[in-house]
Amino acid sequence: ILLITDREVPLYQEIYGTERERFHLLPPNIDRRQFNESDRDRARLAKRGELGLIPATTLLLMVGSGFRTKGVDRAIEGLATLKSPDGNQAHLMVVGHGEAKSYARLAKSLGVSDRLHFLGGRTDVADWMLAADLLVHPARTENTGTVLLEAMASGLPVLVSDVCGYAFHIEKAEAGCLVPSPFTQEQFNLLLQETVHSPNLAQWRANGLRYAATEDLYSCHEKACGLIEKFVAEKSR
């Protein structure tokens, strides 16, 4: 049994009584990133320019389809509570497919519709990750959360709910903050405020890049292929 997260193991064992040695955990599967600080600087200027924002604007990024599952409403409510002592009000970009009307109404009711941007499906997500200041992922449920690893590999700090299967990578790498369960909007709002203005952002960025350079986040398919060939060879013998 090949798994991309070991969270499924207790469910198999509870229902089927499966032996532990039959489970094989695979590493994640993201693309390796090649960029430098000049690429990051260009992306920051270009993406803010697309939105007509000044270079100093704080950008919060969400990536994923299925807006309710990903917690877009939670992020919007958090955005509405953000305080900016220097007057630099943060903007939230949502990249992905979903029904945006109800979330646009929520943003309007909270007075942040001018700071919420639904960008739809994009082919330039990697550039948005270079341009953003923080990936926000307050998901209600998430088996893995590959976007979390992609953010780390881009040097983008992460604020993520701890229910995500890959959230442990963020904690292990010290590349951001986890929102503990059970989720409360008040706690998320507080953590968002602390994270956006944290003096640790640069360190989280560096930690994420170092983790992505030293951990195997890339060989899922190769490891799966090797295991399948191994099992077939053992069975043929």
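A residue is called buried when its relative accessible area is under 20%, exposed when it is over 50%, and partly exposed in between (1.4 Å probe, protein chains only). This is a predicted model, where local features need pLDDT of at least 70, side-chain atom pairs count only at pLDDT 80 or more, and totals for chains, interfaces and linings use all residues. Residues are numbered from 1 along each chain as its sequence is written, and side-chain values use heavy atoms, with hydrogens and water left out.

Start with the charged pairs. A salt bridge is a side-chain nitrogen of Lys or Arg within 4 Å of a carboxyl oxygen of Asp or Glu. By this rule there are 12 salt bridges.

Look at K47 and E50. Their closest N and O atoms are 3.0 Å apart, and they form a salt bridge. Both sit in helix 2 (residues 37-50), three residues apart, which separates them by about one helical turn. Helices here are DSSP runs (H or I, at least four residues), as are strands (E, at least two), and they are numbered from the N terminus. K47 counts as buried, at 5% relative accessibility. E50 is partly exposed, with a relative accessible area of 47%.

Helix 2 also reaches a distant part of the chain. R48 in helix 2 pairs with D133, which lies in the loop between helix 6 (125-131) and strand 6 (134-137), 85 residues apart. The N to O distance in this salt bridge is 3.0 Å. Both D133 and R48 are buried.

Now find D73 and R140. Their side chains meet in a salt bridge of 2.8 Å, N to O. D73 belongs to helix 4 (residues 72-81) and R140 to the loop between strand 6 and helix 7 (146-153), so the pair ties together parts 67 residues apart in sequence. D73 is buried at 16% relative accessible area. R140 is partly exposed at 27%. Shared partners also matter for the picture: salt bridges join K47, E50, R122 and D124 into one network.

Stay with helix 4. It packs with helix 5 (residues 101-110) at an angle of about 15 degrees, with axes 10 Å apart. Helix 4 is therefore roughly parallel to helix 5; angles under 35 degrees count as such. Axes are lines fitted to C-alpha atoms over the stretch in contact, and angles run from 0 to 180 degrees between N-to-C directions.

Which residues of helix 4 and helix 5 make the contact? Helix 4 gives V72, D73, I76, E77 and A80, and helix 5 gives Y103, L106, A107 and L110. Contact means heavy atoms within 4.5 Å.

How values were computed:
Parallel < 35°, antiparallel > 145°, perpendicular 65-115°, else oblique.
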